[in-house]
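Reader: I am new to this structure and would like to understand the words used for it. Could you take me through them one at a time?

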Amino acid sequence: MARLDLADLDLFRHIAEAGSITGGALRAHTALAAASTRVRGMEAMLGTRLLERSRQGVALTPAGHTLLAHARSLLARADRMHEELGAFSGGAGAHVRLLSNTNALTEFLPEVLGRFLAAHPGTTVDLQERLSDEIVGLVAEGAADIGIVAGTVDTGALSTLPFRSDRFVIVASSRDPLAGAFSIAFADVLGRDFIGLDRASALQRFLADRALREGRRLRLRVQLRSFDAICLMAQAGVGIGIVPATTARRAAQTLALASVSLRDTWARRDLRVCLRRHEAGDTAIRRLVEYLCPGNDRA
């Protein structure tokens, strides 16, 4: 009797996480036609449908959800096996899946990951940006190994550790009427032109949602790729932006820039690392957590 192999399981996991066969094939570096054929082969082998197909993509059937859970477990165990056996041949080959919100990704992770990867050349890290509540769900269901989220998010049964603290502030030209203010509420600036990040950014989606909760829409005049670029545009008087306070302080050293604290409770960002408790024994995950949270004991 034919059996599913790890390549089949890896492809199915990518399709499930991408929400489409096209996206899954791209992630798995497989031709679309080959991916479709393999999925049909898996369904024929198991005697049940794994995916419901539509113009919007694919959705998992109950059998598909069951297969995905087993696939994630088996692939994680295979990764650990390769890592442990790699130690005997002088190579590690470990892989860690890390999800982060925008704040941690742009302000804190580059330096930490740089040191970690330099110290562990055999380890690779798949880093993706997501909203904090999305990250918790993906880590809990095994789609990622480690997440970095805002401390205000309910992490459920996940193990958590403190990572960094920061807060969001408004940046504006030093000539802007806001420049003399000490603090202001987000709702009070929704009539202004904003400089924002790309629409795909987790933070930009978060701010757009916050504006809708106030019954307004963000007036985005320009969208850029980085917080530093937002600061440059704010200095030029194009509009106002929302960036981490660490970014604003650094930018103010060279730019004619003012920053104003946001009064909203969500503006404070106590960032936390989260992971499933049973992943604590995984060598590569444990090593990365030690770099992210030095000197902390697991909660």
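Author: Gladly, and please keep in mind that this is a predicted model. Let us begin with the largest cavity, where β8 and α8 (202-213) each supply at least two residues of the lining.

Reader: What makes that space a cavity?

Author: A cavity is a set of points where a 1.4 Å probe fits but cannot get out. The structure holds 1 cavity of 30 Å³ or more, and about 60 Å³ of space lies in the largest cavity.

Reader: Which residues line the largest cavity?

Author: Among them are F194, I195, G196, L197, L203, Q204 and L207. Strand β8 gives the largest share of the lining, with 4 residues.

Reader: Why is I195 called buried?

Author: Buried means under 20% relative accessible area. I195 has a relative accessible area of 3%, so I195 counts as buried. This residue has its place in strand β8 (residues 193-197).

Reader: What does I195 contact beyond its neighbours in sequence?

Author: Leaving aside residues within four places, its contacts include L220, V222, L224, I230 and M233. Contact here means heavy atoms within 4.5 Å. As for S226, its C-alpha is 11 Å from that of I195, and the two residues are 31 apart in sequence.

Reader: Why is R263 called exposed?

Author: The cut-off for exposed is over 50%. R263 has a relative accessible area of 54%, so R263 passes that cut-off. You will find R263 in the loop between β11 and β12 (268-275).

Reader: Which residues does R263 touch?

Author: Not counting residues up to four places away in sequence, R263 touches S183, I184, A185 and D188. The C-alpha atoms of R263 and I184 are separated by 5.7 Å, although these residues are 79 apart along the chain.

Reader: How do you know that β7 and β11 pair?

Author: Two strands pair if DSSP finds at least two bridges between them. Strand β7 (residues 183-184) and β11 are joined by 2 bridges, so they meet that condition. These two strands run parallel, and I184 has L262 as its bridge partner in β11.

Reader: How do you know that the span of helix α3 is close to what is expected?

Author: The expected span is 1.5 Å times one less than the number of residues. Helix α3 (residues 32-46) has 15 residues and reaches 21 Å from its first C-alpha to its last, close to the 21 Å expected.

Reader: Why are the buried residues of α3 said to line one face?

Author: The buried residues of α3 are A35, S36, V39, M42 and E43. Seen down the helix axis, they fall within an arc of 120 degrees, so they line one face. In general, an α-helix has 3.6 residues a turn, so residues three or four places apart point the same way.

Reader: What lies on each side of α3?

Author: The buried residues of α3 pack against α1 (6-18), α2 (21-27) and β1 (51-54). The face turned away from the buried side carries the exposed residues A33 and A44.

Reader: How many helices and strands does the chain have?

Author: The chain has 11 helices and 12 strands. Of its 299 residues, 46% count as buried.

Technical notes
Residues are numbered from 1 along each chain as its sequence is written. This is a predicted model: local features need pLDDT of at least 70, side-chain atom pairs count only at pLDDT 80 or more; totals for chains, interfaces and linings use all residues. Side-chain values use heavy atoms; hydrogens and water are left out. Buried means under 20% relative accessible area, exposed over 50%, partly exposed in between (1.4 Å probe, protein chains only). The arc is that of the directions from the helix axis to the C-beta atoms. On a 1 Å grid over the protein atoms alone, a cavity is a set of points where a 1.4 Å probe fits but cannot get out, and a pocket is an open set with protein on both sides within 12 Å along at least five of seven lines; lining residues have an atom within 4 Å of a point. Grid points are joined across faces, edges and corners, and a volume is the space filled by probe spheres set on the points.
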